[in-house]
Amino acid sequence: MEKTCADALPLTMNSSEKQETVCIFGTGDFGRSLGFKILQCGYSVVFGSRNPEMSSLLPSSAEVLSYSEAAQKSDIIILTVHREHYDFLTELIEVLNGKILVDVSNNLKINQYPESNAEYLAQLVPGAHVVKAFNTISAWALQSGIMDANRQVFVCGNNSRAKQRVVDIARTLGLTPLDQGSLTAANEIENYPLQLFPMWRVPFYLSAALCVFFFFYCVIREVIYPYVYEKEDSTFRLAISIPNRVFPITALTLLALVYLPGVIAAILQVYRGTKYRRFPGWLDHWMLCRKQLGLVALGFAFLHVIYTLVIPIRYYVRWRIRNITITQVMAKKDNPFSTSSAWLSDSYVSLGILGFFLFVLLGITSLPSVSNTVNWREFRFVQSKLGFLTLILCTAHTLVYGGKRFLNPSSLRWYLPSAYILALVIPCTVLVMKFILIVPCIDKTLTRIRQGWERNSKYSKSALKGKSDI
Amino acid sequence: MEKTCADALPLTMNSSEKQETVCIFGTGDFGRSLGFKILQCGYSVVFGSRNPEMSSLLPSSAEVLSYSEAAQKSDIIILTVHREHYDFLTELIEVLNGKILVDVSNNLKINQYPESNAEYLAQLVPGAHVVKAFNTISAWALQSGIMDANRQVFVCGNNSRAKQRVVDIARTLGLTPLDQGSLTAANEIENYPLQLFPMWRVPFYLSAALCVFFFFYCVIREVIYPYVYEKEDSTFRLAISIPNRVFPITALTLLALVYLPGVIAAILQVYRGTKYRRFPGWLDHWMLCRKQLGLVALGFAFLHVIYTLVIPIRYYVRWRIRNITITQVMAKKDNPFSTSSAWLSDSYVSLGILGFFLFVLLGITSLPSVSNTVNWREFRFVQSKLGFLTLILCTAHTLVYGGKRFLNPSSLRWYLPSAYILALVIPCTVLVMKFILIVPCIDKTLTRIRQGWERNSKYSKSALKGKSDI
Amino acid sequence: MEKTCADALPLTMNSSEKQETVCIFGTGDFGRSLGFKILQCGYSVVFGSRNPEMSSLLPSSAEVLSYSEAAQKSDIIILTVHREHYDFLTELIEVLNGKILVDVSNNLKINQYPESNAEYLAQLVPGAHVVKAFNTISAWALQSGIMDANRQVFVCGNNSRAKQRVVDIARTLGLTPLDQGSLTAANEIENYPLQLFPMWRVPFYLSAALCVFFFFYCVIREVIYPYVYEKEDSTFRLAISIPNRVFPITALTLLALVYLPGVIAAILQVYRGTKYRRFPGWLDHWMLCRKQLGLVALGFAFLHVIYTLVIPIRYYVRWRIRNITITQVMAKKDNPFSTSSAWLSDSYVSLGILGFFLFVLLGITSLPSVSNTVNWREFRFVQSKLGFLTLILCTAHTLVYGGKRFLNPSSLRWYLPSAYILALVIPCTVLVMKFILIVPCIDKTLTRIRQGWERNSKYSKSALKGKSDI
C-alpha cells in the first residue's frame, strides 16, 4: 500500500458524489505538486494566482483564476505562499470568512518570527479557520511518489471540523496525518522541518572532542615517543592500531556518561531530601540526550569490535607473529604454556563480547518500533538493569585487559599512562557512586523521596497521604 | 515533535474559546504530575482533595477544592486514587451523574481483583461514563517530558463520546491514544503495565536450562576428563572454548524448537483428519512463543559468531599454532596440503555464515515496523521458507563440522559423545518430519485439511461448499 | 496488549447496551473464523447460508439462517463468498438496501478482473454501502490469535458512516484499521495480499545475475586457469575464496547503482534545462527501487565482512602461513618489515571498516520506524551525504586493496583482469559524474532548475514568481 494514487493519471471520476473542490493559492513549485497530487486523488483543483493568465506548468485539468474567484469555488483553501506575502489576504477577508485556510509555509530559520506563520495568518484573517498542515512534505516527494522518508503530516488548528477536513485530504493523498492539537502547536510544527538532528548535536561534538583528544594522546605515546627514542617509524599505526585504542575509550566513556546524570540526580535528591526541586538546566539537558549518547557509544563499540576482529589479517601482525616464531626456533628456546596468560586473554575477550552483546540488545530496544511494544516496567528493566550490567562488563573488560600491566610504572611514557587507564576514570566513578546508592539505607531513602516523601516537609502527613492517592 | 508542551510554563491562554477545565481527584504524585502537564497544555485544572487546605506541592495556578466542589467545575474527572479508597465516591453519585470519570489506577499484581478497577468503578458510580486511560504512563515520564518508552495510552469505555474526550486530552498531552473498545478491555489494560516480558519467560528459562546442562556436559568432557587422565589444567577453557560450544548448541536446538510445534501440529491434523479440533494447550502456548524462541536463538548464534571470530586473537590459539610450527620445523617433517581438509573446513564455515546471514534476516523481518510493511503472504514466505532454509543450513554446518570425526568412537569420553552430536538430535528430527510432510500425497491431504476438508465429516459436501465460501 | 479477546470464550455480555448483531454471509473457513472472533468480542453473530440446515462447524451460539432472514437481523453484512458467486445478491437487493455490505474477498491473481471486487459489488447492489475490509487478515491468524504479521486492515468505502462502523469492529477485534479513502482504493487493497515483494524483484534478479557472472569469471581465473597451466586443484576455493570476491564486487556495484540514477537524473535536468519534463520510465522505476538495491548491497557487504573475518580460521590459510614460516626458517632468509606494506594493508582494511559502518548506519535509518522519526532534511542528509561518503569509502577500499598490483599486466590471466577492477568501473563513473555535478557553476544551475527555474521558459518571470510562491 505504498503509493495511493501515485502513478494514476487524473481520474475521470464516475462516483459523482465525491468530486470536492480544493483551492490552492499560489502556483509555485510546491503548490503545483500538491495540486497535481490532489487532482490525481480525485478532487477538483482550482488555483488562485496574481496573474492567472501568466501561470504556466499547471495541470491542464485545473482551473486558474484570480484569488477571490478561486476562493469562492471551494470551502478549503491551501495557501502556498511565503509568509512575507500574506498581506494580500487582507483584501480577501470577506471571501475567506468561514472558510478553511491551510497554512503550509516553512521558515528559513528556527524561531524566525515572534509568532508562528499559522498564528500570524489567523490574526490576519480572523474569520477563517486556520489549519497548519503539509509543511513537512517536500514538493519532490509529492511529484515522485517516493516517500521513504517521513509521510507524517502534523496537523493543528483551533477548529476541529476544519482540522478533520484537512486530515481526510491528507489521508486520501496516502500521507499519515497526526493531530497535534490547537494552533499553538504550529510553532513547533514549523520548526520541525528545519531541524538537523538537534538531539544528536551534543553527543556528536562530545564524541568528536574525545576522539581527537585521545587520538593525539595515543599518537604522542605510540608514534612520536618511539620515533624520538628509538628512531622507529610507527606511522602505520595511525590506520588501525590507534583508532582501535581511541574507539573503545570513547565508547566506554560515553557509555559511562549515559549513566552519570542519573547517579548525579539521585545524589542531588538524597542531598536535598526532596524530588520537588528542579534539577539544574545542564542536568536536565544531559538526561534528555542519554539515548543519543548511548547510541553513539554503541557505534564506537561496533567499530572497536570490527577493528579488533581484523587484527589477525593485518600484515604487521602476521609479520610479527612469524618473526616471534622464527626467533624462537633460532634460539631453540622453549615456549611454556602459561595458564594465567590464557585465563587473562580469554576472560577479557569474553567480557568484551558479552558487554557488546548486551550493548547491541540495548540498541535494538531503543528502536522506536521496539520500545513502543514494551511497557514502562520492561523499558526501565532493560535500560536500567541491563544498561548497568553492560557498563560493568565493559569496565571489567578494560580492567582485565590491563591485567598485570595495570598501573605498572614501566608503561609510563613521558609520564603519560596508557590511554585505557584514562578511559576507566569515569566508568569506575559512576559504578562506585551507583554501588553506594544501592546500599540498603540510602536506597530506601531514595525510594521514599521518589514516592513523594520530603525530609523537611511542613506537611508531615504528605507521605501518609501518598498512600491513598496515586 | 518529541515533546508537545513539555517545557512550556503554564500558558496564559489567549484563545479564549478553548479553556476547558479538567478535574483531578487525588493529590498524590501521579495526580500532581498529570495536573501540571494538563495545565501546561492549556487546560484549567481543579484538584479535588479530602483536605483541600492541607494539599501542598500543587501547581499554584490550579484550584484545590473539596471533592464535590471540584467535580461541579468540570464534566471530566480524572480519578488518581487507589482502588481501595473508591468508597468515598458513593457519596458523590449525584454530582458525578452524567460526568466522564477516568480511571487511571493500576494494581500491584496481575488479576488482583475479580473485576477490573474500571469495571468496579462503573458499578460503584453507575451514572458516570467510566473511561479507562493513562495507566501506562509514569509520573516521572510526565514530569521530565522524557518519553522514550511507550507513549501509548490505551483507552477503553462504553460511551464513545466520553472516550473521544479522553482521547483528545491524551493527544494534546503529546501521547498516543489507542482505542481498545468497551470497558471489558479494562482488565487487560490494567494488567499490561505489570507485565515483565511474559512471552519471553519460557524461551528464557528454556535456554538457560539448555545452557547450564551443556555447560556442565562440556566441563566434564573437556576440563574434568583431561584433568583426571592427563593431570592437564584446562580450566581456561571455561572462558571461551566451552561457551563457544554451548552457545551454538543452544542456538541450533532453540531454532529447531521454533519449527517443531508447526510440524507436530501438521502431524496432528493429518492424523485427526480435521483442523477443527483444538490443539492441546501446551502446543498452543508453544506456537505462541515461537518468535521469542527464535530471537533468543539468534542471540546465541550472534554470540557464537563473535566467539568464533576472536579465536585467532586468543593467547592459547597463538601459542598452539606457534608450537605446531616449531615442532614441525624441528622434526623437519613435510606438511602436505590436504584438499579434502580445505574443503571440509571451508564448507562448514561457509554454511555457517550463510545460515547466520539468513537468521539475521529473519530477525530483522520480525521487527514490528518491518513486519507491519509486509503482507501475510510475504511474512509466511520469510518466516516459513527462509526459516526452514536457515535450519537446514545451520544443521548442515554442524554436520560438516563434525566431518570425519562424526560418530567416531574415539571421540567418546566416559561414553559421552561430543556435545554437537546431541545438538543435532532435534534439528534432524524436525527436518526429517518436515521432509515427510512435504511428500506430495501427504502434502495434498494436509492442504485439503487446512482448506477446511474433513476426513470423517458427516456433511460430505462441506468440502464442496468451501469452494463457494471463503 | 497483544491479543484483545483472543482466548476469551464467547462472553456472556452484561453491558446490555452494546450487544450489536453482525451478519456474515457464507460459512466457509474465513467466515467461520471471523464469526467466531466477532462472537468472542461481544457481538451477536448471524450466519447467512444457502443451506442453513446443512451448515456444520459453526459456533453454537451463532444463529444460521437463510440469506434474506439473516440480512434482516443486522444492518451490517460481511460477505465471505467468492466473487464468482456474488450473483445471488441480486435477489436480495431490497433487503440489502441501506445496509453496510463488507467485501472481504481476494482474487487469485493481481488485476484478475477489470474492476475491483468491491466496486463490482457496489454496482450489483447499488442500494448498499459497500466497504472493503479484512482481506489482508488470514483465517488462521484469526483462529490462533497469533498476529505477528500485519494486523493492518485496510478499509475503504464511499460512505464514511459505514466505514466508521467497520473501523470500530476491526478495532474491537484487536486489529489496526487504516482508512484508505473512497472505494476506488479497493483495487489496490485487493492486490496487496497477492504481492510477493514486488519492489525487491529487480534488485534480487540483478544481484543474482551479477553474482553468477562474477562467480564464473573468478572460477575461470582462479580455478580453471591454475588447473590448465599448473595442474593445481584449487576447487576448495569455491567455498570461501571465490564467494568472498563475488560478494564485495556485487555489493559495490549495487551501491553504485543506487546513486547512478540520481546522477543521470541531474544530468538530464541540466541538459534539458528544466525539471518539468518526465524522466524516461526506466529511470523512474530505477529511482523507486533504490532503497531495495541499497539493502541488497548491504546484505552482500555483510557477507563479505564475515567471509573476510573468518580468513585466519581457515585450514588453507593456516597451512599457508605455517608453510611460509617454515620455508623462511629453512632458508634462514631475513624477513624485513615493510612499512609501506603495513600502510597499504592497514589502510584498505580501515577504509573498508569505516565504509561498512556507514553502510550499516544507512541500513538502520531505512527501517520504517526510524525513518518516520526523522524529517525530510535529516533523511536527505543521511541518504545523500552519508550515502556518497559510503560509496567513496568503499571505492577507496577497493582501490587501495588493489594497491601496487592495480592494472599490473602480470595479473592478467587469459587477458582477464582481476575481478575487483571490473567492480570499480561503475562506482568510479558515478563518483566522477557526481564530482562534475558539484562544480559550483553546474551546481548553481542545477539548484535553480530544481527550484523551478527553466532555461527556455517563455514565461521569463516564472523564476521571479517562484520567489513569492512556495
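**View 1. A:Glu20, A:Asp75 and A:Arg165 join up in a network of salt bridges.** A salt bridge here is a side-chain nitrogen of Lys or Arg within 4 Å of a carboxyl oxygen of Asp or Glu. Over all chains, the structure holds 30 salt bridges. Keep in mind that this is a predicted model, where local features need pLDDT of at least 70, side-chain atom pairs count only at pLDDT 80 or more, and totals for chains, interfaces and linings use all residues. As for bookkeeping, residues are numbered from 1 along each chain as its sequence is written, chains are lettered from A and ligands numbered from 1 in the order in which they are written, and side-chain values use heavy atoms, with hydrogens and water left out.

**View 2. A:Lys132 meets A:Glu190 in a salt bridge.** The N to O distance between these side chains is 2.8 Å. Why does this pair tie together parts that are 58 residues apart in sequence? It does so because A:Lys132 sits in strand S6 (residues 129–132) of chain A, while A:Glu190 belongs to helix H7 (residues 186–191) of chain A. Helices (H or I, at least four residues) and strands (E, at least two) are DSSP runs, numbered from the N terminus. Both A:Lys132 and A:Glu190 are buried. Buried means under 20% relative accessible area, exposed means over 50%, and partly exposed is in between (1.4 Å probe, protein chains only).

**View 3. In chain B, B:Lys132 and B:Glu190 form a salt bridge.** Their closest N and O atoms are 2.8 Å apart. This pair links distant parts of the chain, with B:Lys132 in strand S6 (residues 129–132) of chain B and B:Glu190 in helix H7 (residues 186–191) of chain B, 58 residues apart. Buried or exposed? B:Lys132 and B:Glu190 are both buried.

**View 4. B:Glu115 and B:Arg83 make a salt bridge between two loops.** Here the closest N and O atoms are 2.6 Å apart. B:Glu115 lies in the loop between strand S5 (100–103) and helix H4 (117–124) of chain B, and B:Arg83 lies in the loop between strand S4 (76–79) and helix H3 (93–96) of chain B, so the pair ties together parts 32 residues apart in sequence. B:Glu115 is partly exposed, with a relative accessible area of 22%, whereas B:Arg83 is buried, at 7%.

**View 5. A nonpolar patch on the surface brings together A:Ile220, A:Ile224, A:Tyr227, A:Val228, A:Tyr229 and A:Trp414.** Together they have about 570 Å² of accessible area, worked out by the Shrake-Rupley method with a 1.4 Å probe, where for residues only the protein chains shown count as cover. Patch residues have over 30% relative accessible area and no salt bridge; like charges are joined within 9 Å, nonpolar side chains (Val, Leu, Ile, Met, Phe, Trp, Tyr) within 5 Å. One of them, A:Tyr227, is found in helix H8 (residues 201–230) of chain A. A:Tyr227 is partly exposed, with a relative accessible area of 47%.
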